[in-house]
Amino acid sequence: MTKIVQDTPEALEGYIAPGETFHFKCHSGLSCFNRCCRNLNLFLSPYDVLRLKQGLGITSEAFIDTYTDAVLREGKCFPELLLRMKEEEDATCIFLSNKGCTAYEHRPDTCRTFPAEHGIWFDDKGKKQQILTLKPPGFCEGIHESQTLTPEQWRKDQSAEKHNAMNELWGEVEALFTPATFGPEGPSGQKGKMAFMAAYNVEGFRSFLFESSFFKRCKIKKELQMKLRRDDVAIMKFGFEWIKVFLLGIPSKSIHMK
Ligand code: SF4
Ligand code: SF4
């Protein structure tokens with residue numbers, strides 16, 4: 001999910017306004033089928049990791065160790081996870097088989113939205129709006145199909161609403177990070193490691209909450225505590241909130257120090 005600060009979203013390349021239609025249909029009859037699953041840099045959001053690890057039936061830590069590489073991109077203050085590709089000439093996605101995507105039900109947000117891209121546009125008063133831009137590669141034949149879709153229909157068609165909402169939450173947290181957030185040690189220091197766990201490792205963060213004195217030091221409603229024990233999405237949202245409170249000093253409605 002890209003954060004966009006620009007005078008008007010209309011000025012963006014490939015922008016599709018709400019209600020406007022674009023042509024697209026992806027299917028196995030196209031000669032480009034699965035070509036977009038090769039030679040790509042696929043960055044995974046915390047929610048992408050959560051869905052993929054659930055789909056594979058493994059822990060977040062096992063998923064991160066087995067399937068990703070952490071990279072700190074130039075100009076960024078926090079590491080991101082890049083899906084590891086197969087070690088072959090055309091660097092195919094690890095989840096691609098002859099029959100298509102083996103992770104289809106749990107595929108990342110980028111794959112759901114491709115060849116479009118989701119973004120959040122902020123107006124000069126800070127009000128945000130979800131936007132979609134269509135940026136197909138030259139080889140994508142799907143954009144010449146007759147089916148028409150609006151951005152809203154496309155999100156629904158790809159079951160991308162939950163991914164969009166969670167990535168928007170994470171985008172808001174990530175946008176608050178500055179080089180000073182993690183102190184002199186940087187993002188690889190203690191603070192950075194804690195934030196990484198709170199964002200990407202739901203089991204690790206759950207253990208931290210329930211196996212430390214956290215609930216003795218912080219006032220958290222009992223119903224929320226019960227939810228945090230069993231609900232991965234609740235833990236992830238709480239992790240985002242925890243990062244804001246403990247790393248960025250932003251007051252929270254759900255976390256209060258005793
Ligand atoms: S290139 Fe476009 S049409 Fe072809 S498989 Fe990818 S998204 Fe579908
Ligand atoms: S996760 Fe699936 S859809 Fe996404 S790049 Fe890999 S094989 Fe393609």
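The model is predicted. Its chain contains 10 helices and 13 strands. With a radius of gyration of 20 Å, close to the 18 Å that the globule rule gives for 258 residues, the chain is as compact as a globular protein of that length.

**Overall fold**

- Taken along the principal axes, the box filled by the C-alpha atoms of the chain is roughly 60 × 45 × 40 Å.
- Of the 258 residues in the chain, 26% are buried.
- Contacts between residues at least 6 apart in sequence join residues at least 24 apart in 67% of cases.

**Ligand surroundings**

- Thirteen residues lie around ligand 1, and those that come nearest are Cys-26, Cys-32, Cys-36, Cys-140 and Gly-142.
- The shell around ligand 1 consists of nine nonpolar, two polar and two charged residues.
- Ligand 2 is surrounded by residues that include the cysteines Cys-37, Cys-93, Cys-101 and Cys-111. Leu-42, Phe-95, Leu-96, Ala-103, Arg-107 and Pro-108 also belong to the surroundings of ligand 2.
- In the shell around ligand 2, nine residues are nonpolar, one is charged and none is polar.

**Nonpolar cores**

- In soluble globular proteins, nonpolar side chains tend to be buried together.
- The largest nonpolar core holds 31 residues, of which Val-49, Ala-198, Ala-199, Tyr-200, Ile-235 and Ile-243 touch the most other members.
- Two or more residues of this core come from each of helix H1 (46-56), helix H2 (60-67), strand S6 (80-83), helix H5 (161-174), helix H6 (190-200), helix H7 (202-211) and helix H10 (232-248).
- Another core, of eight residues, lies apart from the largest one and has Cys-111, Ile-131, Leu-132 and Trp-154 among its members. Cys-111 is also one of the residues surrounding ligand 2.
- Beyond its neighbours within four places in sequence, Val-49 is in contact with Leu-44, Ser-60, Phe-63, Ile-64, Leu-81 and Tyr-200.

**Leu-52 in helix H1**

- Leu-52 is a residue of helix H1, and it counts as buried because it has 21 C-beta neighbours inside 10 Å, where 20 or more are required.
- When residues up to four places away in sequence are not counted, Leu-52 touches Phe-63, Ala-103 and His-106.
- Phe-63 is 11 residues from Leu-52 along the chain, and their C-alpha atoms are separated by 7.9 Å.
- Phe-63 is also in contact with Val-49, while Ala-103 is among the residues around ligand 2.

**The sheet S4-S6-S5**

- Strands of a sheet pair through backbone hydrogen bonds, either parallel or antiparallel.
- An open sheet of three strands has the order S4-S6-S5, with antiparallel pairing. S4 and S5 each have a single partner strand and stand at the edges, so one side of each lacks a neighbour in the sheet.
- Strand S4 (residues 43-44) is joined to S6 by two bridges, with Phe-43 opposite Leu-82 and Leu-44 opposite Leu-81.
- Four bridges connect strand S5 (residues 68-71) with S6, and Ala-70 stands opposite Leu-81.

Conventions. Residues numbered from 1 in each chain as written. Chains lettered and ligands numbered in written order. Predicted model: local features only at pLDDT ≥ 70, side-chain atom pairs only at ≥ 80, totals over all residues. Rg over C-alpha atoms; globule rule 2.2 N^0.38 Å. Buried ≥ 20, exposed ≤ 12 C-beta atoms within 10 Å, placed from the backbone. Contact = placed C-beta atoms within 7 Å. Near = placed C-beta within 6 Å. Nonpolar A, V, L, I, M, F, W, Y, C, P; charged D, E, K, R; others polar. Core = buried A, V, L, I, M, F, W, Y, C linked by C-beta atoms within 7 Å. Pairing = 2+ DSSP bridges.
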